[in-house]
Amino acid sequence: MKIALVCSAGMSTSILVKKMREEAENRSLKAEINAYAEADLPSDLDEIDVILIGPQVRYLKGQMTERAKPYHTPVAVIDQMAYGMMDGAKVLNQAISLAT
């Protein structure tokens with residue numbers, strides 16, 4: 001499973017990515033999780049299973065949804081409480097539920 005976390009500069013989600021990777025490893029779940037600035041999101045979205053957007057840039061959801069639509073890639077805003085708490089387990093659960 002490939003998960004992309006998007007924020008304005010890709011920096012604030014880096015800590016969350018680390019926690020999500022640790023949680024995936026604890027669950028023996030094969031997951032590739034990366035943080036991207038909105039402008040740096042790869043163009044090959046067909047290889048990404050889920051796009052999660054940081055709550056501080058929720059205004060990007062419409063734009064990201066349109067970019068991902070041809071690939072049928074789900075897009076959602078990260079739960080604000082989980083983001084604030086840097087709860088890697090909860091955000092990973094959110095990604096998994098979107099991908100299934």
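**Strand pairing, burial and cores in a predicted model**

Author: Strand β1 is joined to strand β2 (residues 32-37) by six bridges, and the two run parallel. The model is predicted: local features need pLDDT of at least 70 and side-chain atom pairs count only at pLDDT 80 or more, while totals for chains, interfaces and linings use all residues. Residues are numbered from 1 along each chain as its sequence is written, and side-chain values use heavy atoms, with hydrogens and water left out.

Reader: What makes β1 and β3 a pair?

Author: Two strands pair if DSSP finds at least two bridges between them; strands are DSSP runs of E with at least two residues, and helices are runs of H or I with at least four, numbered from the N terminus. β1 and β3 (residues 50-53) have four bridges in the parallel sense, and therefore meet this criterion. Isoleucine 3 has a bridge partner in each neighbouring strand: isoleucine 33 in β2 and valine 50 in β3.

Reader: Why is β1 called largely enclosed by the rest of the structure?

Author: Five of the six residues of β1 (residues 2-7) are buried, hence that description. Buried means under 20% relative accessible area, exposed over 50%, and partly exposed in between (1.4 Å probe, protein chains only).

Reader: Why is cysteine 7 called buried?

Author: Cysteine 7 has a relative accessible area of 1%, and the limit is under 20%, so the term applies. This residue lies in strand β1. Leaving aside neighbours within four places in sequence, cysteine 7 is in contact (heavy atoms within 4.5 Å) with residues including Ser12, Tyr36 and Gln56. An unreviewed UniProt entry places the feature "modified residue: Phosphocysteine" at Cys7; such annotations may be inferred rather than shown by experiment.

Reader: What makes a set of residues a nonpolar core?

Author: The set consists of buried Ala, Val, Leu, Ile, Met, Phe, Trp, Tyr and Cys residues joined through side-chain atoms within 4.5 Å. The largest has 17 residues, and Ile3, Leu5, Leu16, Met20 and Leu52 have the most contacts inside it. Helix α1 (12-26) gives the most to this core, with four residues. A second, separate core of 14 residues includes Cys7, Ile48, Leu60 and Ala68.

Reader: How do you know whether histidine 72 and methionine 86 are buried or exposed?

Author: Histidine 72 has 72% relative accessibility, which is over 50%, so histidine 72 is exposed. Methionine 86 has 18%, which is under 20%, so methionine 86 is buried.
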